[in-house]
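Subject: Structure for you, with notes

Hello,

Here is the structure I promised to send over. Please have it open while you read the notes below.

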Amino acid sequence: MKKVLVIKYGEIALRGKNRGMFENKLILNIRKNVDNLGNFYIVREQGRFILENTEGDIDFEEIIPRVEVVLGVIGIAKGYCVEEKNIDVIRESALEIMKIEHGDEKKTFKVVTKRADKQFHLKSNEISMDVGGYIFENMENMDVDVKNPKTILNIEIRTKVYISTDVIKTLGGLPYGSAGKGILLLSGGIDSPVAGFLMARRGVEIICVYFHSPPYTSERAKQKVKDLAKRLSHFTGGIKLYVVPFTETQLYLYENVPPEKMTILLKRAMLRISEKIAEKEKALGLVVGDSVGQVASQTLQSIHAISSVVDIPIYRPLASYDKQDIINLAIKLKTYEISNRPYEDCCTIFLADHPETKPKKSIIESIDRNLNVGIDELENKAIKNSEIVKY
């Protein structure tokens, strides 16, 4: 037997004529994560890939952490390739695998067989009954439970025979980069990294933009955002971050707009700058961490007044989430602890005591028009002087 990794994908299998494009993108992303560990090749099977090492066995402890974070993969399993399609060999191999993976641990199990090769002389249920009975007879710690087993042994009769143990559920979604580019407005808060991950999980390549306002925001605040971007790159395989110097633009707005409308005008300026970066990067939309009604700038009226400043789509994957849902996902993604560092971003510093919650779009747009052309020059200058960081 040879150790291999069984990699399962989900909705890609439902794609029509462009399914091959999604499969190729997923293979490329898997290779990006594992190729520096050895010489691997990927066997395409229906609804899954088999990752094999040209030089021998897969090292599960080394490979699994690299593959389980690849977006588009719904599950992985430790697999064993059996070259000979013979029921006696399959039976003995299955018993050996169960002993390797479960030893003397008391468990219930069942065997599930998929016979893709219809030329094999036994049917799927016959193979399962044969192998399951043999394991039961030769492992005193194993009891059969076909309804609610603690472990499942999967047998797949294909060009070769692949036997695998329990599937490890992974992140799912679509292959990263298969759906175009989006600009993520990444603050140091809890919400925006989660929003970025959710869009990345739908195949969107994320380019991050952070608005930095020294001396009102510290280098530690900037480092927090850099660490968030780096954490997101754990799932994307790489990420680009624009650190946009925002102080001059922010002070200009602070001096020229009513305090209660400051946050709305600030966010409009951020969207304008982000749209220009999107054009530069050939991105197809902006991504923000808004959750409806969570703060003053995220009421429907505020969102309406803010969004009108740009022409490209704005995606809000967290729009219907409550705060605890977002926190729970941030904890799972390991961004929560980073976001909780006590270093404030530029919006927090300039927040009015009583920000407007129901601004009128027409009034906001009128204020924006009356700001002299200096604001446009400041925004272009900020883009030109941006620091670009890649992970």
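Let me start at one residue on the surface. Lysine 334 has a relative accessibility of 57%, so it counts as exposed, the cut-off being over 50%. Its place is in the loop between helix 10 (323-333) and helix 11 (336-339). Its phi is positive, about 65°, although lysine 334 is not a glycine. Most residues other than glycine have a negative phi.

Please keep in mind that this is a predicted model.

Lysine 282 lies in the loop between helix 8 and strand 13 (286-287). At 69% relative accessibility, lysine 282 counts as exposed.

One peptide bond also deserves a look. Proline 214 and proline 215 are joined by a cis peptide bond, with omega about 5°. Most peptide bonds are trans. Proline 215 sits in the loop between strand 11 (205-212) and helix 6 (219-236).

The chain as a whole

The protein chain has 14 helices and 15 strands. Its C-alpha atoms fill a box of roughly 85 × 35 × 35 Å along the principal axes. Of its 391 residues, 53% are buried. Take the contacts between residues at least 6 apart in sequence: 79% of them join residues at least 24 apart.

Helix 3 and helix 4

How do helix 3 and helix 4 cross? Helix 3 covers residues 87-102 and helix 4 covers residues 124-138. Their axes come within 9 Å and cross at roughly 50°. The two helices are therefore oblique to each other. The crossing is right-handed.

On the helix 3 side, the contact residues are Ile87, Ile90, Arg91, Glu92, Ala94, Leu95, Met98 and Lys99. They meet Ile127, Asp130, Val131, Tyr134, Ile135 and Asn138 in helix 4. By class, this contact has nine nonpolar, one polar and four charged residues.

Aspartate 130 pairs with arginine 91, and the closest N and O atoms are 2.7 Å apart. The pair joins helix 4 to helix 3, across 39 residues of chain. Is arginine 91 buried or exposed? Arginine 91 is buried, because its relative accessible area is 17% and the cut-off is under 20%. Aspartate 130 is partly exposed, at 28%.

Other salt bridges

The whole structure holds 32 salt bridges.

Glutamate 45 forms a salt bridge with arginine 158, with 3.6 Å between the closest N and O atoms. Glutamate 45 is in strand 2 (residues 40-45), while arginine 158 is in the loop between strand 7 (151-157) and strand 8 (161-164). The two are 113 residues apart. Both glutamate 45 and arginine 158 are buried.

Aspartate 143 and lysine 106 also meet through their side chains, at 3.4 Å from N to O. Aspartate 143 is in strand 6 (residues 142-144). Lysine 106 is in the loop between helix 3 and strand 5 (107-115), 37 residues away. Aspartate 143 counts as partly exposed, at 29% relative accessibility. Lysine 106 counts as exposed, at 56%.

Helix 8 and helix 14

Which residues of helix 8 meet helix 14? They are Ala269, Arg272, Ile273, Lys276 and Ile277. Their partners in helix 14 are Ile375, Asp376, Glu379, Asn380 and Ile383. This contact has five nonpolar, one polar and four charged residues.

The axes of helix 8 and helix 14 (residues 374-384) come within 10 Å and cross at roughly 50°. That makes helix 8 oblique to helix 14. The crossing is right-handed.

A network of salt bridges links Arg268, Arg272, Lys276, Asp368, Asp376 and Glu379. Among them, Arg272, Lys276, Asp376 and Glu379 are also listed in the contact of helix 8 with helix 14.

Last, threonine 263, which is in helix 8 (residues 262-281). Threonine 263 counts as buried, at 9% relative accessibility. Leaving aside its neighbours within four places in sequence, threonine 263 is in contact with Ser297 and Leu351.

Best wishes

Terms used: Residues numbered from 1 in each chain as written. Predicted model: local features only at pLDDT ≥ 70, side-chain atom pairs only at ≥ 80, totals over all residues. Heavy atoms only, no water. Axes fitted to C-alpha atoms, helices over the stretch in contact; angles between N-to-C directions. Helix = DSSP H or I, 4+ residues; strand = E, 2+ residues; numbered from the N terminus. Parallel < 35°, antiparallel > 145°, perpendicular 65-115°, else oblique. Left-handed = near helix turned anticlockwise from the far one by under 90°. Contact = heavy atoms within 4.5 Å. Nonpolar A, V, L, I, M, F, W, Y, C, P; charged D, E, K, R; others polar. Buried < 20%, exposed > 50% of the residue type's maximum accessible area, 1.4 Å probe, protein only. Salt bridge = Lys/Arg side-chain N within 4 Å of Asp/Glu carboxyl O.
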